Every structure is written in structure tokens, then in C-alpha cells.
Amino acid sequence: MATLRTAPRLLSSSFRCLRSSTARSYATIEPISKLGEAMSATQPPVSEKHTSTLNDPSKGENPRTKTFHVYRWSPERPSEKPKMQSYTLDLNKTGPMMLDALIRIKNEVDPTLTFRRSCREGICGSCAMNIDGVNTLACLCRIPTNTQHESRVYPLPHTYIVKDLVPDLTQFYKQYKSIKPYLQRETKSEDGREIRQSPADRKKLDGLYECILCACCSTSCPSYWWNSEQYLGPAVLLQSYRWLVDSRDEHKAERKAALDNNMSLYRCHTILNCSRTCPKGLNPGKAIAEIKKAMAFS
């Protein structure tokens, strides 16, 4: 897989967003207004060689000490560059997953570290981040047992950063909303009960409905990095195909018409970073190809 950029956006992209004088709220889609904030969130982080290391306060006997370099940036200090903060943990006292390490760092070493997490079962998608160069879920990513290997943890690439490992996914969810991800149908079932499907039609949804919208695939896609305002990205297109292939939906023509432009769908160049990085083992690249085929023959 192509090497992923650790900077959330190119600086030139940030300048295009500096059109409004309204301070940004992370609960809205208002653009950034503070140049210092935009620059701090886009510059390469200060190397761990120039920062201190915070050590495990409770090492046991015969510790298996491992170093984690974690991306840090706070909007409370917008003039400061992002940095890579180093932490050491005793793996004998740490769970097997990367999320276990992050939780232990926050609970026992540095309570200021900020990240999202919820289910710890690979269901909610909250803990999506870039670990050792790969977009994945921290709760499903095992800690390499080789203590000589130093792990590096970044937020999802090419996203604005709210704080530390927390990306701003406002645009991502806005795009998801735009495809109308729900059943659209006027015809009611004959008996007034649920709308039935044949086993064959239901099987077409396998590999699509399991998407948890973690954004790992979209933020690994170079086309999405450069055109995220207009290109919908792998995750949203996978969900779009989920409704296009659903035999119960009656608005397929309108769904296709919404994708019939130069940017929404056709910015995909079949790089397939999306399919390689999906932590659920789904294949967004194939779904996008199926949409293109359906558009060509419709």
C-alpha cells in the first residue's frame, strides 16, 4: 500500500478554507478561520527525537518494555506544532491490542492524551487511526510483540484534527447523508407487513451492510485526499452501492443520477488502498467498479 501522509491536509488546501471570519465549531461544517490553527494541524509533527519520553510508572519484574510514538496536537495551543510524544509500557501489564496500550497510557501515564473509543469489538469504528503506516481500528490491531520495534500512532491521514488522535469527520458524514442511506419506496407490501426479499437478493447485500463507517478506507485513498469536497470516497460509495443493489429500493434511477457527474464517482482510479486497509475485510473497490458497470449499462 502506498505510504500514507501523516499530515492531515496539505497547507494549500487549508488556505482555501480560510474564507470565513467565523470561528470554527467542530460540531458544524463551518470553515477554519484561524490561520494558526490551520497551520498547526497541517505541518509535519516534531520528531520524537526532539521530545521527552514518558515511562511506565509501574514496571514489574522482568519487564517487556516497548516504545510507542503517538501524535499529539492541541487546539488550546494552536501556535505549537504537532509533535510525536514517546511513551514506554511494560507489555506484561498491557492488553494485547493497541487500544489497550492507548487506554493504559491515558489512565496511568498521561491523562491529557485524547482519542475516540467505544465498543472495543470492531463494531463502532470509533478508534480508527493510522498505526505503523496502516489505517485500522486500534481495538483490532495487535501490539507487535517485538519490543525492539517502536510503534507509531497517528490520526487518520488527510483529515483536520480536533485534538491528538481525534479526526474531524464532519465532511465524511455530510457526504454519507447526501446519498440518502435508507430505503426509499412508495409501494407497500401486499399484506402490510415487512417488505420481503428472496434469499438470492438478500445475499447481494453481504459484504456491504457490514461497513461500520470508520473512514479507514476513504482516508487511505489518494483521490479522496485531493478531492474530498466533491469525490464521495470508498466508504460512501460502498454504502451507495448497498442501496443500488437492494431489490426493495424503488429510487435506483435517482441514486444513479446523483452520481452521474465527473467527481462523485469517477475520481476513483482503482488504486485499491481502500480494499487493502479495510479492517472488516470488505471490498469497496469492487463495489465502486460495480456502480461504474451499472452506470455504463443503464
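**View 1. Strand β3 is a mostly covered strand.** Seven of the eight residues of β3 (residues 83–90) are buried, where buried means under 20% relative accessible area, exposed means over 50% and partly exposed lies in between, using a 1.4 Å probe and protein chains only. Strands here are DSSP runs of E with at least two residues, helices are runs of H or I with at least four, and both are numbered from the N terminus. Please keep in mind that this is a predicted model, in which local features need pLDDT of at least 70 and side-chain atom pairs count only at pLDDT 80 or more, while totals for chains, interfaces and linings use all residues. Residues are numbered from 1 along each chain as its sequence is written, and side-chain values use heavy atoms, with hydrogens and water left out.

**View 2. Strand β3 pairs with β1 and with β2.** Two strands pair if DSSP finds at least two bridges between them. Strand β1 (residues 53–54) runs parallel to β3 and is joined to it by two bridges. Strand β2 (residues 65–72) runs antiparallel to β3, with eight bridges joining the two. Look for Y87 in β3: it is the bridge partner of L54, and F68 stands opposite Y87 as well.

**View 3. Helices α7 and α10 cross each other.** Two packed helices are described by the angle between their axes and the distance between the axes. The axes of α7 (residues 234–244) and α10 (residues 284–296) come within 9 Å and cross at roughly 55°. Axes are lines fitted to C-alpha atoms, for helices over the stretch in contact, and angles run from 0 to 180 degrees between N-to-C directions.

**View 4. Side chains meet where α7 touches α10.** Contact means heavy atoms within 4.5 Å. Helix α7 contributes P234, L237, L238, Y241 and L244, and helix α10 contributes P284, A287, I288, E290 and I291.

View 5. Leaving aside neighbours within four places in sequence, S218 is in contact with F172, Y224, G233, P234 and A235.
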